[in-house]
Amino acid sequence: MKLAMCQTDMLWENKEKNLEAAEIFIVEAAENSADLIIFPEMSFTGFSVKTAEMGEEYNTSKTVEKIKLLAAENKIAVGFGMTVSQNGKNLNRFVMIDKNGEEVGFYDKIHPFSYGDEGKLFTGGEETAVVTVESVKIALYVCYDLRFPEIFSAVSNRADVAVVIANWPSSRISQWSALLRARAIENQYYVVGVNRTGTGDGIEYNGRSAAFDYAGALMAEAGSQPGLTYCEILPENVAHFRNKFKMLRDRKPELYKKLLN
């Protein structure tokens, strides 16, 4: 699978303009034979807590319908983030659409970012998610989730790659890179992190979207400017590496649960 990390400088809380910019990137990625393009967290609004204005009912979402149309027109799978408001809850959701414009699954951020008051308005999800795109098994995560290794190891036996979408500020960017690499080493799968760039609500972002392989080697890294960065995901290499270096078989999950109680 050829994956395009789409690092964007979002216009604050402007869905229409951000979707117009996304369309340009989707077309470019498709023209460069990418199978999948991934956008940052809250892809078309920025990290806004104005849930009443930015949130959408998922089943009638105009954003979802627009992305489905663009995916089908360009024959490329698209992963993106949005605020979902339904049944009295607000959810920070990562959605995956396949190249035929069909939803293949979604993930609701398990850990709202309490330091940034996200937890006051957003409800945390309660399930991990692994979706299949072009025969590649992809675990979905959102930003702050990256700091919690337990939810990454929980799916490592059924995922080829973990993808993290984020609005990760430049003030903590060294931690972003270190944690992405750590999650790859710990779980012996690819880890891809797609971050935003620019300024949103007074916070500076400097991108550094990156992909690490199953051994923790850096495969591709973006700078601080908007644009596309590509990497290749090869599930057979994950299987070969795990079979050679059988670390995952030595885990003792039942003991870990006991120690945590």
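Mentor: With a term: buried means under 20% relative accessible area, exposed means over 50%, and partly exposed is in between (1.4 Å probe, protein chains only). By that cut-off Tyr-144 is buried, at 18% relative accessibility.

Trainee: What kind of model is this, and how are residues numbered?

Mentor: The model is predicted, so local features need pLDDT of at least 70 and side-chain atom pairs count only at pLDDT 80 or more, while totals for chains, interfaces and linings use all residues. Residues are numbered from 1 along each chain as its sequence is written, and side-chain values use heavy atoms, with hydrogens and water left out.

Trainee: Back to the rings. How many aromatic pairs are there in the whole structure?

Mentor: The search finds 12. Rings of Phe, Tyr and Trp (its six-membered ring) pair if their centres lie within 6.5 Å; planes under 30 degrees apart count as stacked, over 60 as edge-to-face and the rest as tilted. Tyr-144 and Phe-148 have ring centres 5.2 Å apart and planes at 85°, so this pair is edge-to-face.

Trainee: Which ring does the charged end of Lys-2 sit over?

Mentor: That of Tyr-230, with the charged end 4.6 Å from the ring centre. The criterion is NZ of Lys or CZ of Arg within 6 Å of the ring centre and within 35 degrees of the ring normal. Arg-93 lies over the face of Tyr-58, again with 4.6 Å to the ring centre.

Trainee: Now helices. At what angle do the axes of helix 1 and helix 3 cross?

Mentor: Roughly 20°, and the axes of helix 1 (residues 15–31) and helix 3 (residues 62–74) come within 10 Å. Helix 1 is therefore roughly parallel to helix 3; angles under 35 degrees count as roughly parallel, over 145 as roughly antiparallel, 65 to 115 as roughly perpendicular and the rest as oblique. Axes are lines fitted to C-alpha atoms, for helices over the stretch in contact, and angles run from 0 to 180 degrees between N-to-C directions. Helices (H or I, at least four residues) and strands (E, at least two) are DSSP runs, numbered from the N terminus.

Trainee: What about Ala-222, buried or exposed?

Mentor: Buried, with a relative accessible area of 11%. Ala-222 is in the loop between strand 13 (218–221) and strand 14 (227–232). Beyond its neighbours within four places in sequence, Ala-222 has contacts that include Gln-7 and Arg-208.

Trainee: Last topic, backbone. What is phi of Asp-117?

Mentor: Near 65°, a positive value in a residue other than glycine. Asp-117 is in the loop between strand 5 (103–108) and helix 4 (118–121), and is partly exposed at 38% relative accessible area. Ser-135, not a glycine, has a positive phi of about 70°; Ser-135 is exposed, with a relative accessible area of 65%.

Note on methods
Contact means heavy atoms within 4.5 Å.
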